[in-house]
Amino acid sequence: MASSSSSSSNLRIVVQNNPSESQLNELGIKSWPKWGCSPGKYQLKFDAQETCYLLRGKVKVSTKNSNETVEFGVGDLVIIPKGLSCTWDVSVAVDKHYKFDSSSP
């Protein structure tokens, strides 16, 4: 068994491609605040879990403690875990709805 149990290496970004309209309505995404950024590189640290839905854009995310990169874009529902430090490499300007989960432990 691999022993890579550093607490931040098991923080995974979850990407769901093209969630159904009914799921988006159930989450109430259209009522969430919006955020956008232009192309560039951004160092981000998430102090709470964030769920976001991309209206436009293309992002490649690399995490500090891993060689993995995660890519997502228009129509993707993305869950970013609390405590994650990462770099967002935005190739197409982003416009997204987002929500922080205040109940995450």
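Analyst: What follows goes through the chain in outline and then through its salt bridges.

The model is a predicted one. The chain has 105 residues, and 35% of them are buried. It contains one helix and seven strands, arranged along the sequence as β-α-β-β-β-β-β-β. Among contacts with a separation of 6 or more, 80% are between residues 24 or more positions apart.

The whole structure holds six salt bridges. One of them joins K96 and E50, whose closest N and O atoms are 2.6 Å apart. K96 is in strand 7 and E50 in strand 4, so the pair links distant parts of the chain, 46 residues apart. K96 is buried because its relative accessible area, 4%, falls under the 20% cut-off. E50, with a relative accessible area of 3%, is buried too.

Another salt bridge is formed by the side chains of E68 and R12, at 3.2 Å from N to O. E68 belongs to the loop between strand 4 and strand 5, while R12 sits in the segment before strand 1, so the pair ties together parts 56 residues apart in sequence. E68 is partly exposed, at 41% relative accessibility.

K30 and E21 also form a salt bridge, with their closest N and O atoms 3.3 Å apart. K30 is exposed, with a relative accessible area of 64%, whereas E21 is partly exposed at 49% relative accessibility.

Terms used: Residues are numbered from 1 along each chain as its sequence is written. This is a predicted model: local features need pLDDT of at least 70, side-chain atom pairs count only at pLDDT 80 or more; totals for chains, interfaces and linings use all residues. Side-chain values use heavy atoms; hydrogens and water are left out. Helices (H or I, at least four residues) and strands (E, at least two) are DSSP runs, numbered from the N terminus. Buried means under 20% relative accessible area, exposed over 50%, partly exposed in between (1.4 Å probe, protein chains only). Contact means heavy atoms within 4.5 Å. A salt bridge is a side-chain nitrogen of Lys or Arg within 4 Å of a carboxyl oxygen of Asp or Glu.
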